[in-house]
Amino acid sequence: MVPFMATSMATGLLDSMNPLLQPAFAVLSLERDPLTISRVLDWYAIRYYLLTVGSVTSLCLLLWFLFRGWKQVSRLSPGTKLAFTILGLLSLPMVGLDIFSLAQFTQPLWPNYDPEKTAPAAISAMMRPEWINDVLAFSALASILAVSLPFLLNLPRLSFRRIFAIAKLSFKEAIRKRVLYAFTGLLLILLFGSWFIPSKSSDQIRTYVTVVFWAMTVILLMVSALLAAFGIPADIKSQSLFLIVTKPVERVEILLGRLLGYMSLLTLILIVLTGAGLLYILRGVSPEAAEESLKARAPVYGILHYENTGSEREGDNVGREWAYRGYISGSAATPGSGQPKAIWDFTVLPSVLAGRPTVTAEFTFDIYRTTKGFENQGVGIGMAFTTRNYDAEKLRLERESRDREGKPALTTDELAEKFGYFQPAASITFYDFSTGSVEVPGKLFVNAQTGPEDKPPIIVTVTCKEITQYVGMARYDFYFREDDTSRGADALRFSWNFAKASMGLWLRILLVTTLALVLSTYLSGVVSLLVALFVFMLGQFQEFLLALVIGRVAGGGPLENLSRLITNEVAGKQLENTALNNVIMNTDRVLREFLGGLMNFLPEVQSLSFTEYVSNGFNIGGADLAANAIRTVAYLLPWLLLGYHALREREVAGPT
Amino acid sequence: MAEPVVETQKLTKIFLDFWGRKKKVALRALDIKVNQGEIFGLLGPNGSGKTTTIKLLLGLLFPTEGRATVMGKSTTDVRKNELIGYLPEESYLYRFLNAEETLDFYGRLFDLPASVRVRRSQELIERVGLGRDKKRQLREYSKGMRQRIGLAQALINDPKLVILDEPTSGLDPLGARWMKDLIRDLRNEGKTVIMCSHRLEDVQDICDRIAILHEGDLQSYGHVSDLLKDTMRVEMRASQVKLTPELEKDLREVLTRHGGTLDTVGNPTTTLEDYFLRIVEESKARPGRRFLPGEQTGKNEPAGKK
């Protein structure tokens, strides 16, 4: 949602500007670090995953034991019974945690509850000692294994031939039932889209990429949800499933076969649509658009912090509603304090940069004007690049010595290589929301390769040169380009980047298909479809849900909002301290605790959308894509386990 | 004594509503055994529990109480299905597939290698008489043709136990006769057949043993011949003699001497099925022949045991 808003806002701004002021517009608004595999496979991430999944599996074990009892276990073979008993006993700490968490969720309803003194469940979980979390993670793993035991025992009996047979059937079924007709909608958009899509020449690729991906996403996700949600329920209704489950077919083979079949078909369609979309986008690209977006910039980001703004982590707040950027002014906040600075520390730099004559640094800042300034003239900023070996005093002495001895001034390369310093110009003029660039000597990166370990290899300092203006920046507004900029527009790299964005879409299709399919093992087709799309949409709006959980939504929780609706109270006003209002607010706190817990079970949907990258000509990191793929598969595994049990435990036939 | 192919012990199925309340007792404490190589019939009116029994044996439903084994394995064990062929009442096949694709699909579910699948598919297609229609999608098939391909899929794994739910339902007399002959052939090949039907004449024709169910309870169970035998009556058939009042009188006298009475005497009639089949056969043998009012078609032959 946020990147979309950023694009809309920026496009609106651009429309109101003189076209001459748009040399480039490569803004990638990110509010997250690109994922890396090491972050996903980090022990803390794995432990968190185990605790989240384990909280459900241990609860299922407890409920299963309460309702089915030991009688079921006693029917198992001796070996299985022993394994199940051991795993069940090891799961007890997690069962205890479940009961404790449920009690903790409801603590706002306890007598003598004080919101000021009692930490929410999520916070108190973070405050647990590490070793307790490790023990709980081990217990969670045991409970997951206990729940997976029937599946694990079935594993040797699975046959790829059977899975493939069901996959092939699903594939044929979709084709022969003319599901592909749905994609003629996309054809219409591609055929006649140009009539309705306004675009400036430099925005051509950006607009087309957005439209093509939007259409592909909507159609593919709807088709995948429809196919997956109705496949098994239709088989149950028509009783075709009778003839499958009366063959030596494991129920999980039905699930995997359906998934494989649908995903094969949808992958094939996605490949065709990606090809068609690329042809549509790349035909007749204007030179301005090619210069702007027909590339795949590979940015290297630093870590942003500020000086003399009051907070090292935040710039000045100029009152923008969307607080993505922090601002620095051209003058000191108070007499005697230093000039505000935005500083990027580049702690990791690819070695390839040191081998280049120059490295391109690009930046996109926002201007917040306190005076009108001059029309169509940008704002001046100062920019300095220093390495960890830079010593201002040493450089000053060298310069003085050269002046005294009448030697020529140091060249840019000498400054960079020997002193680790580069300053492009005293003042660089840039325009609001447009991309500026600076060619940095490669020697600077050579200098940065070795030096004190406690300092970042390269530091970039930006100051505002005009005292009446503010310059706003976010972490991702400044980056070095790892890709070779001398190649200019590069249709091949762009196409590969477009394909990578399609892989992101593929992961979303996998998400929706699996969710709908798993739900359809127990629910009817329509309900499965609605629930799958609902879960997907909740995943899309995680940011809002988080705001709701931490109590940052105006008007409070659902009950408080309802109360305000009835009593006609405005959202900003504090509720009176009455007994009823206290009950309302404390009940909301309980709901928020549960919602907070529920959020752990929502999919990460936002991070699978890479349209913004392609449309603005930014490379999609392979590691980011791979890490997201791992995360998506990890998210879906417990769902598949749920589907396996739902299909295994259900009677496929009814009374008639 | 050989282990029974199917055995149920106090097999009970109670359907519950959403709230877990008892909705219907579909089957109550059923105890039956089906032996190898026999044709076993489940009889009963609609809602008597025949199909529920079959679904329980196949693992489509789970028993509420009691247990059932099929070839020594629990009904929830999918491995038992390797030796079972099942033909449901309605043909629940995928109608977008043709006959070959259908048999190939079900063959794959039995994990049969490609060469075996192809060979058996062709054999079965010929056996059920669909050789000329094997490339047509099943949606174009008549009910009888679907029942035939349904039977072919039930035999694709060369099963030891064949379960048939209303196998002759919806078939014309020719189809029904063909189905009954095929069921007998299966028994002759050493397979065990369980069928349920409410067409009593079919069951009487081909079943060795039967179980009669009513409202979920087992009412009668045993060999057909034993169950139907009426020891208080005598039936005799004679040939080379014409029915005359003198003969009837003599018969009455003989029976009176033995303490019995003559209830009925007359010429036997054939069954309508036999008569119909003979007409069709004659029609095939003499194409273009038409029935003229008043003409005696065919020849009344005494009804004999087939």
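I number residues from 1 along each chain as its sequence is written, and chains are lettered from A and ligands numbered from 1 in the order in which they are written. As the model is predicted, local features need pLDDT of at least 70 and side-chain atom pairs count only at pLDDT 80 or more, while totals for chains, interfaces and linings use all residues.

**Entry 1: chain B overall**

I looked up the make-up of chain B and found 9 helices and 10 strands. Helices (H or I, at least four residues) and strands (E, at least two) are DSSP runs, numbered from the N terminus. The C-alpha trace of chain B spans about 70 × 50 × 40 Å along its principal axes. Of the 306 residues in chain B, 36% are buried. I call a residue buried if 20 or more other C-beta atoms lie within 10 Å of its own, exposed if 12 or fewer, and partly exposed in between, with C-beta atoms placed from the backbone. I then looked at contacts in chain B with a separation of 6 or more, and 65% of these join residues 24 or more positions apart. Two residues are in contact if their C-beta atoms, placed from the backbone, lie within 7 Å.

**Entry 2: the sheet of chain B**

I traced an open sheet of 6 strands in chain B, in the order β6-β7-β8-β3-β9-β10, with mixed pairing. Two strands pair if DSSP finds at least two bridges between them. At the edges stand β6 and β10 of chain B; each has a single partner strand, so one side of each is left without a neighbour in the sheet. From one strand to the next the twist averages 15 degrees. Axes here are lines fitted to C-alpha atoms, for helices over the stretch in contact, and angles run from 0 to 180 degrees between N-to-C directions.

I checked two pairs of strands. β7 (residues 161-165) and β8 (residues 192-197) of chain B pair in the parallel sense over 5 bridges, and B:L164 stands opposite B:M195 in β8(B). β9 (residues 209-214) and β10 (residues 217-223) of chain B are antiparallel over 6 bridges, with B:H223 in β10(B) as the bridge partner of B:R209. The hairpin of β9(B) and β10(B) has 2 residues between the strands, and B:E215 takes a positive phi near 50 degrees there.

I also looked for helices lying across these strands. α1(B) lies across β3 (39-43), β6, β7, β8 and β9 of chain B and runs at about 145 degrees to β7(B). Helix α4 (residues 143-155) of chain B lies across β6 and β7 of chain B, at about 165 degrees to β6(B).

**Entry 3: where B touches A**

I find 27 residues of chain B in contact with 25 residues of chain A. On the chain B side, the elements that give two or more residues are β2 (22-34), α1 (50-58), β6 (84-87) and α2 (99-109). The largest share, 4 residues, comes from α2(B). That side of chain B divides into 18 nonpolar, 2 polar and 7 charged residues. Ala, Val, Leu, Ile, Met, Phe, Trp, Tyr, Cys and Pro count as nonpolar, Asp, Glu, Lys and Arg as charged, and the others, Gly among them, as polar.

**Entry 4: chain A**

I took the domain bounds of chain A from an automatic or database domain assignment. They give domain 1 (32-157), domain 2 (158-298 + 497-550 + 609-656) and domain 3 (300-482). The centres of domain 2 and domain 3 of chain A, taken over C-alpha atoms, are 43 Å apart.

I looked at one helix pair in chain A. α11 (residues 204-237) and α19 (residues 525-540) pack at an angle of about 145 degrees, with their axes 8 Å apart. Among the residues that meet are A:A225 and A:F230 in α11(A), and A:S528 and A:L533 in α19(A). This contact has 9 nonpolar, 2 polar and no charged residues.

I found an open antiparallel sheet of 3 strands in chain A, in the order β3-β12-β6. Its edges are β3 (326-329) and β6 (366-369) of chain A, each with a single partner strand, so one side of each is left without a neighbour in the sheet. The twist averages 30 degrees from one strand to the next. β3(A) and β12 (residues 469-473) of chain A pair over 4 bridges, and A:G326 has A:M473 as its bridge partner in β12(A).
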